[in-house]
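Hi,

Here is the structure I said I would pass on. Have a look at it first, and then read on for what turned up.

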Amino acid sequence: MPDPDWYTSGLPHIWLPYSQMKIAPPPLAACSTQGSQIELEDGRTLTDGVAAWWTACHGYNHPHIRACAEQQLARMPHVMFGGMVHEPALRLASRLTALLPGDLDHVFYTDSGSVAVEVALKMAIQYRINRGETGRTRLLSFKGGYHGDTLATMAICDPEEGMHHLFAGVMPSQYVVDLPRDASSIAAFEAFLATHADTITAIVVEPLIQGAGGMLFHSPDVLRTLRRAADKYGLLLILDEIFTGFGRTGSMFACDQADIVPDIITLSKALTGGTVALAATVARRHIYETFLSDNPEHALMHGPTFMANPFACACANASLDLFENEPRLEQVAALETALREQLEPCRKLPGVRDVRVMGATGVVEMEKIDDPATLRTRFIAEGAWIRPFRNIVYLTPAFTITNDELRRLTDAIHRVLSA
């Protein structure tokens, strides 16, 4: 099938994400989606193994989300959130805070995960300023971590293994250390805090799975260690649940498995079921209360134009309906079992370093991948939309994926890596 006019005329003007445009292969032209299937303009259909960058947890075009989106679009697609509120945003805030642990009671809406983390960092720093504390402006994050592509969030990503090392001389320097996973790393972490805690305002971590840094897993004990350390040294604990929130690790939120309450949590990706952009930064009561004052300078001076977009909030409410009325976490548990069984044979293949599964995330870690783009092309030939990166081949499918669709993906991984 020849390329459609819009493809040939528009492609020269597009700048694609995470791509060297001089050598990147031509992108696929998608025309429709349904469930876990992506239909291409050339007539091929791909089974989506990554749920649109980990967002489409209910699959594409779920009828309930679509119906709620259509109703909101007809009623009020957008209105400014400065000095006005509306039902979808307030209803969503009430539902989110009821689902989250402890007194995570105050929701600040943004448009993307990166900005949600950026707002969390601003909250943490201004929390100190509003309290009259000085000198505690640094942030502590961890190797293998990824928290976004904006300037402030790049500064807390892994500076060596991450994708932002080119900006190291531009961004403000922050502390990035090893996760306290075992006795030796816990001791090193404690020693670091004993020396530097009086300069730190907050600890930032992706709970249970460090996503874009390499799909690196850690146990709930790590989160409990971080919570104890934060309490001991008077630090705030920020959990970046952009990727892990809404069932991906097997619980509604990853922090549930550690039975801890962060001071601030960030949410996005699956928040709207992969329908439209929306993010939220949710703070505990004692954080919020430091911003209440007769002094206007104590206010949080941040406000995206499309903050709390009613259309997006309606989609998020519809997504939460599905978590309430359909067996999503049971589906994740079944996916975890199936992924373990179906990916385990890859462990015996040459060049495979590890196979690991948590919730609805399955990972085959290679010793190296010389050309991820070529590997992606081979998966496409198998009818699978799988995007390897660095040395990782992974699956983060929709929770509603069928057994046959999942088998198609895992068989494709085994066949391609065998070859």
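Where the two domains meet, 26 residues of domain 1 are in contact with 29 residues of domain 2. Keep in mind throughout that this is a predicted model. As for what those names cover, domain 1 is made of two stretches, 5–61 + 328–418, and domain 2 runs over 76–325. Their C-alpha centres lie 27 Å apart.

How much area is buried between domain 1 and domain 2? The figure is about 2300 Å², and carbon and sulfur atoms give 65% of that. On the domain 1 side, the residues that lose the most area to domain 2 are Trp-54, Met-358 and Arg-390, which together make up 30% of what that side buries.

Next, some helix pairs. Two packed helices are described by the angle between their axes and the distance between the axes, so you'll see both values for each pair.

Start with α3 (residues 63–75) and α10 (residues 310–325). These two pack at an angle of about 150°, and their axes are 9 Å apart. Angles over 145 degrees count as roughly antiparallel, and α3 and α10 are therefore roughly antiparallel to each other. The crossing of α3 past α10 is right-handed. On the α3 side, the contact is made by His-64, Ile-65, Cys-68, Ala-69, Gln-72 and Leu-73. From α10 come Pro-310, Phe-311, Ala-314, Cys-315, Ala-318, Ser-319, Asp-321 and Leu-322. Sorted by class, the contact of α3 with α10 has ten nonpolar, three polar and one charged residues.

Then there's α7 (residues 183–196) with α8 (residues 220–233). Here the angle is about 20°, with the axes 11 Å apart. Anything under 35 degrees counts as roughly parallel, so α7 and α8 are roughly parallel to each other. α7 also passes α8 in a right-handed crossing. In α7, the residues involved are Ile-186, Phe-189, Glu-190, Leu-193 and Ala-194, and they meet Thr-225, Leu-226, Ala-229, Lys-232 and Tyr-233 in α8. That contact of α7 with α8 has seven nonpolar, one polar and two charged residues.

One more pair: α12 (residues 372–381) and α13 (residues 403–418). Are they parallel or oblique to each other? They pack at an angle of about 130°, with their axes 10 Å apart, and that makes α12 oblique to α13. The crossing of α12 past α13 is right-handed. Leu-375, Arg-378 and Phe-379 of α12 make the contact with Ala-412, Ile-413, Val-416 and Leu-417 of α13. By class, the contact of α12 with α13 has six nonpolar residues, no polar ones and one charged.

Happy browsing!

Key
Residues are numbered from 1 along each chain as its sequence is written. This is a predicted model: local features need pLDDT of at least 70, side-chain atom pairs count only at pLDDT 80 or more; totals for chains, interfaces and linings use all residues. Side-chain values use heavy atoms; hydrogens and water are left out. Axes are lines fitted to C-alpha atoms, for helices over the stretch in contact, and angles run from 0 to 180 degrees between N-to-C directions. Helices (H or I, at least four residues) and strands (E, at least two) are DSSP runs, numbered from the N terminus. Angles under 35 degrees count as roughly parallel, over 145 as roughly antiparallel, 65 to 115 as roughly perpendicular and the rest as oblique. A crossing is left-handed if the near helix is turned anticlockwise from the far one by less than a right angle, and right-handed if clockwise. Contact means heavy atoms within 4.5 Å. Ala, Val, Leu, Ile, Met, Phe, Trp, Tyr, Cys and Pro count as nonpolar, Asp, Glu, Lys and Arg as charged, and the others, Gly among them, as polar. Domain bounds come from an automatic or database domain assignment. Buried area is the accessible area (1.4 Å probe) that two parts lose on being put together, summed over both.
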